[in-house]
Amino acid sequence: MADSLDDLACQLKAFAAARDWLRHHAPKNLASALIVEAAELLEHFQWMNEEQSRALAPAQRDEVAAEMADVLIYLIQLANVLDIDLVEAARGKMRINEQRFPVPRP
């Protein structure tokens with residue numbers, strides 16, 4: 001998956017560069033855009049109960065997938081700008097969580 005994320009990061013950087021958008025990719029701007037897209041993702045689940053949120057119609061699922069992609073794209077672009085390895089950051093966070101939340105012993 002790391003290679004896939006690296007590949008996507010390169011594609012996103014080239015896409016933005018070709019359109020002269022990199023000058024707008026300040027961390028603050030990307031973090032703001034990420035939050036907006038996350039809110040648009042959440043909007044699809046507003047007023048649903050748990051069961052409904054697990055049983056999306058195909059069209060709803062496609063719309064949710066598009067919003068999830070937007071969130072991922074902005075997160076990867078933010079990581080690019082800040083030179084953060086997202087996979088390594090996630091692994092580090094998991095190590096911290098393993099210490100904070102140990103598996104209960106019977």
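Which side chain meets that of Glu88 in a salt bridge? In this predicted model, the partner of Glu88 is Arg95, with 3.1 Å from N to O. Glu88 is partly exposed, having a relative accessible area of 39%, and Arg95 is likewise partly exposed, at 46%.

| Acidic residue | Basic residue | N to O distance |
| Asp20 | Arg23 | 2.9 Å |
| Glu50 | Arg54 | 3.0 Å |
| Glu88 | Arg95 | 3.1 Å |

Asp20 is partly exposed, with a relative accessible area of 44%, whereas Arg23 is exposed, with 61%. Glu50 and Arg54 are both exposed, and because they stand four residues apart in helix α3 (residues 50-54), about one helical turn separates them. An α-helix has 3.6 residues a turn, so residues three or four places apart point the same way.

Some acidic residues gather instead in a patch of negative charge on the surface, made up of Asp3, Asp6, Asp7, Asp83 and Asp85. Asp6 lies in helix α1 (residues 2-18) and is partly exposed, with a relative accessible area of 46%.

Another member of the patch, Asp83, comes just after helix α4 and takes a positive phi of about 55°. Helix α4 covers residues 58-82, and because its 25 residues at 1.5 Å a residue should span 36 Å, the 36 Å between its end C-alpha atoms agrees with that expectation. The buried residues in α4 include Val64, Glu67, Val71 and Ile76.

Terms used. Residues numbered from 1 in each chain as written. Predicted model: local features only at pLDDT ≥ 70, side-chain atom pairs only at ≥ 80, totals over all residues. Heavy atoms only, no water. Helix = DSSP H or I, 4+ residues; strand = E, 2+ residues; numbered from the N terminus. Expected span 1.5 Å × (residues − 1). Buried < 20%, exposed > 50% of the residue type's maximum accessible area, 1.4 Å probe, protein only. Patch = residues over 30% accessible without salt bridge, like charges linked within 9 Å, V, L, I, M, F, W, Y side chains within 5 Å. Areas by Shrake-Rupley, 256 points an atom, 1.4 Å probe, with all protein chains shown as cover. Salt bridge = Lys/Arg side-chain N within 4 Å of Asp/Glu carboxyl O. Lys, Arg positive; Asp, Glu negative; His and termini not counted. Charge placed at Lys NZ, Arg CZ, Asp CG, Glu CD.
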